[in-house]
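Please look over the sequence and the structure below.

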Amino acid sequence: HSFPTRRSSDLIAVVGGGAAGMIAAARAAEAGKKVVLLEKGPKSSSSAPYATGLRMFDTKWEKDAGVPSGRPAALEMALRNTGGKIDRKLIDNVFDALPAYFDWCCEWANTEEYYTLKPSPFSALTVDCKDSEHGSGIFLLNRFFPRCKELGVVMLNETPAKELIMENGKVVGVEAEDAGGKVIVHCKNALIATGSIVNGEILKLAEPRYPEAFTRRYGHRIYSLTGDGVAMAQRAGIPIHPESMSVAYIGCLCMPVDMQCIHYGRPYDTEMLVQIAKKDALRVNLNGERWVDESYGGDL
């Protein structure tokens, strides 16, 4: 079956119902677009529930408090941790979007319930979660799922996207699948928001020198994070740069691959992460050496 039954010039298909997908869907719907969100899981969440901290700078909260910008220090760290290989423009775009995202949330969501100003390694104060039990991921799920429904986003769960439908080099639809068979979403634009590639075959392109990449994991060990969207874009002829994924995979963790914590839990070992997140937990590398200031709780 098809959705809608005929092509809609202003419909946007969002592939992935996690945090990024729901934010994109909400923003597009606010702009007056018709939005269909495709999520392969039984509910929209993905790894969002496990996100705790929030790294912000230059938000309205911080400006009103007279806090100097922490952006230069954060940018320097990002470039240093990726060996200067990551695209500077990409980082700039992310750093522009962060305060814009939070200021937008403040317009319609009760952000004071989850966030406050805390000391930061980048500036005197920054917006951050009040505590890890009520972190950014929980905020996103509690706010964005009802927000998407309120704005009329059509959310199709257990409907994994399979292929992008192309005509003359342009995306004109998304082929998906549900319990009833094939689903075709006709659209003008498609946004792939399928998140992490940590459990996907696409990671072999990014990290061929890391043979244990599919059994050792620092963070979100969720089996739905298979990089389907990246592979789907690649099959549609959209250029994919494995070297960029490699830099992002290592750099975002801010440590070399051989220093990553090893998680063998099957399925996703939530309790292990809970223990690691506690303030009295020590973080060691594979040589048994302590390598981080655990009191910060982040990735420095």
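In this predicted model, Tyr 101, Trp 104, Cys 105 and Trp 108 of H4 are in contact (heavy atoms within 4.5 Å) with Phe 139, Leu 140, Arg 143, Phe 144 and Arg 147 of H5. Local features need pLDDT of at least 70, and side-chain atom pairs count only at pLDDT 80 or more, while totals for chains, interfaces and linings use all residues. Residues are numbered from 1 along each chain as its sequence is written, and side-chain values use heavy atoms, with hydrogens and water left out.

**H4 and H5**
- The residues of this contact divide into 7 nonpolar, no polar and 2 charged.
- Helix H4 spans residues 88-108 and helix H5 residues 136-150; helices are DSSP runs (H or I) of at least four residues, and strands (E) of at least two, numbered from the N terminus.
- The two pack at an angle of about 65°, with axes 13 Å apart; axes are lines fitted to C-alpha atoms over the stretch in contact, and angles run from 0 to 180 degrees between N-to-C directions.

**H1 and H4**
- H1 and H4 also pack at about 65°, with their axes 13 Å apart.
- Ile 23, Ala 26, Arg 27 and Glu 30 in H1 meet Tyr 101, Trp 104 and Trp 108 in H4.

**Nonpolar core**
- A nonpolar core is a set of buried (under 20% relative accessible area, 1.4 Å probe, protein chains only) Ala, Val, Leu, Ile, Met, Phe, Trp, Tyr and Cys residues joined through side-chain atoms within 4.5 Å.
- The largest has 30 residues, and Tyr 101, Phe 102, Tyr 115, Phe 139, Phe 144 and Val 153 touch the most other members.
- H1 gives the most to this core, with 6 residues.

How values were computed: Nonpolar A, V, L, I, M, F, W, Y, C, P; charged D, E, K, R; others polar. Buried < 20%, exposed > 50% of the residue type's maximum accessible area, 1.4 Å probe, protein only.
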